[in-house]
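Here is a short briefing to read with the model open beside you.

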Amino acid sequence: MSRERPRSPLWALVEQRATATPDALFAVDERDRTLSFAGYRDAALRAAWALAARGLRPGDRVSWMLPTRLETLVLMGALARLDGVQNPILPIYRERETGFVLDEVRPRLLVVPGVWRGFDYAAMARQLTARVDGTEVLALEGALPEADAPGSGLPPASNVSPVRWIFYTSGTSAEPKGALHTDASLAAAASALASALALRSDDRVALVFPLTHVGGVVWLFACLLAGCAHVLVEQFDPQRSVEVLARHGVTQATAGTVFHQAYLAAQRARGGPPIFPRVRAFPGGGAPKPPELHAALRREIGGVGVVSGYGLTECPIATMGCVDDRDAKLAHTEGRPTPGMELRIEPGGEILLRGPQLCCGYLDERRNREAFTADGWFRSGDLGRLDADGHLIVTGRAKDVIIRKGENLSAKEIEDLLHRHPKVVEAAVVGLPDAERGERACAVVVCHDGPRFGFQEMQAFLKAQGLAPQKLPEQLERVASLPRNATGKVLKQELRKRFSP
């Protein structure tokens, strides 16, 4: 008699955790709704039964474009139980980007909210799927569909491809690319994350960014491994969200520079005791961090400060700081390569990666030739170097280099120095077309209220910091805020469009 193939590693984790700690908290949201680990398993089974009744089968592709909600976590579990291939789509995408993804993925089902944050996702979904044969739309106005008999009748697992996830790059500078991941690749990233942060069952993790991001799925795996809980924030608001995280005793205050700056601003605005008295660390990644931010968070709120890592949609948690690293390493580096990960720095400074959390390639196989070497190394497009102890220092993007009179200038180097100025809250440096120089460096800054930050003042300050004269920005622009995507990355192409002649 043939034996059924084991279920997906994600679903196996769900069942194992529900058996080990059934009553422990799995997730809590802004409305104080909660799910235990056993409750999560049972809700996912009920949803899986309902989806199976709609005809969903192992290997079917399901695109979902949902906010960070309990229902989204349940859908992820249900699709894992069904051995579906999940394609999370960032909610900031609109017709052009979403249509591009759907045309490539050709999903069996597209799951969207109804109207969220003033935008009608259901209307967009129906418009776009009208041109994609075989794609149905499921618009969620509230709860997921459920069925009363989750324990039987689900389709058996089959020998479908191990690819379980299709993540699209955020498209901050180019057309998005669909990276193919297995449960095993994401589990490897999650295991590295859990180990570096020494996650334990009483941790409460701030899930303040889109679950559709690869980091959201990695955190799902990590919390299942460690038995700790998510605190879900559907739409980050510096005041309201900080109150939610404080109320639920956040210990891992994710998820990157823009969020960490918001926590620090909230602490300074309120004064008094720490806003997060139980905080253990401020995990981060995905965007450059000013070194001074680590010391300020540790001093003014608590914990070990910023513990950041380096990775991409194609290879999450490639390096990671550890909670027992020295302050200088946490402030100035992105940690060491995680277990099994190989990292190589090319002569020009580009970071190449190979290891267990690397994706299987792109859905559009034509992109693989450019992205991978013949022996399997992934070309990250990022620039960096390793210090004497093997910690990674990211120096910028290969495409974020400003070429001025034939000389390469690192935007990140100038940005880090600008962050040291007491008037500057945030800074981004971009290259703008220049007939004489090829490109000129333009500093775009967000400043504190008070005396105006002027061009001469900027240049004098950067000179005093030891910046070479040829690296001084030739242009200064002051803005109320920097444009960012949902994961906190600055959209530099928007700044280039805005300030180019």
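The notes below cover confidence, helices, salt bridges and strands.

This is a predicted model, in which local features need a pLDDT of at least 70 and side-chain atom pairs count only at pLDDT 80 or more, while totals for chains, interfaces and linings use all residues. Residues are numbered from 1 along each chain as its sequence is written, and side-chain values use heavy atoms, with hydrogens and water left out.

**Confidence**

- The mean pLDDT (the predictor's confidence in each residue, from 0 to 100) is 91 for the protein, and 94% of its residues reach 70 or more.
- Over residues 1-5 the pLDDT is below 50, and this stretch has eight contacts in the model beyond near neighbours in sequence. A contact here means heavy atoms within 4.5 Å.

**Helices**

- Helix α2 takes in the 17 residues 37-53, which at 1.5 Å a residue should span 24 Å. The end C-alpha atoms of α2 are 25 Å apart, which agrees. (The expected span is 1.5 Å times one less than the number of residues.)
- Much of α2 is covered, with twelve of its 17 residues buried. Buried means under 20% relative accessible area, exposed means over 50%, and partly exposed lies in between, using a 1.4 Å probe and protein chains only.
- Among the buried residues of α2 are F37, Y40, L45 and L51, as well as the alanines A43, A44, A47 and A48.
- After α2 comes G55, which has a positive phi, near 100°.
- Over in helix α4 (residues 95-105) you will find T98. With a relative accessible area of 1%, T98 is buried.
- Leaving out residues up to four places away in sequence, T98 touches M65, I89, Y93, M124 and L128.

**Salt bridges**

- Side chains of opposite charge can pair when their charged atoms come close. The cut-off used here is a side-chain nitrogen of Lys or Arg within 4 Å of a carboxyl oxygen of Asp or Glu.
- The structure contains 32 salt bridges.
- One of them pairs R247 with D32, with 3.0 Å between the closest N and O atoms. This pair links distant parts of the chain, 215 residues apart: R247 is in helix α8 (residues 240-247), and D32 is in the loop between β1 (25-28) and β2 (34-36).
- R247 is partly exposed at a relative accessible area of 45%, and D32 is partly exposed at 41%.
- Another salt bridge brings together the side chains of R278 and D202 (4.0 Å, N to O). R278 sits in the loop between α9 (257-270) and β13 (282-284) and D202 in the loop between α6 (183-197) and β11 (204-207), so the pair ties together parts that are 76 residues apart in sequence.
- R278 is partly exposed, with a relative accessible area of 39%, and D202 also counts as partly exposed, at 32% relative accessibility.
- E426 forms a salt bridge with R484, and their closest N and O atoms are 1.9 Å apart.
- E426 is buried, with a relative accessible area of 11%, whereas R484 counts as partly exposed at 24%.

**Strands and sheets**

- Strands of a sheet pair through backbone hydrogen bonds, either parallel or antiparallel. Two strands count as paired if DSSP finds at least two bridges between them.
- Four strands make an open sheet in the order β17-β18-β19-β20, with antiparallel pairing. Its edge strands are β17 (342-345) and β20 (392-397), each pairing on one side only.
- Strand β19 (residues 378-386) runs antiparallel to β20, and five bridges join the two. R385 has I393 in β20 as its bridge partner.
- Strand β23 is mostly covered, with nine of its eleven residues buried.
- A hairpin through three residues joins β23 to β24. These strands run antiparallel and are joined by ten bridges, with β24 covering residues 438-447.
- Within β24, V445 stands opposite A427.
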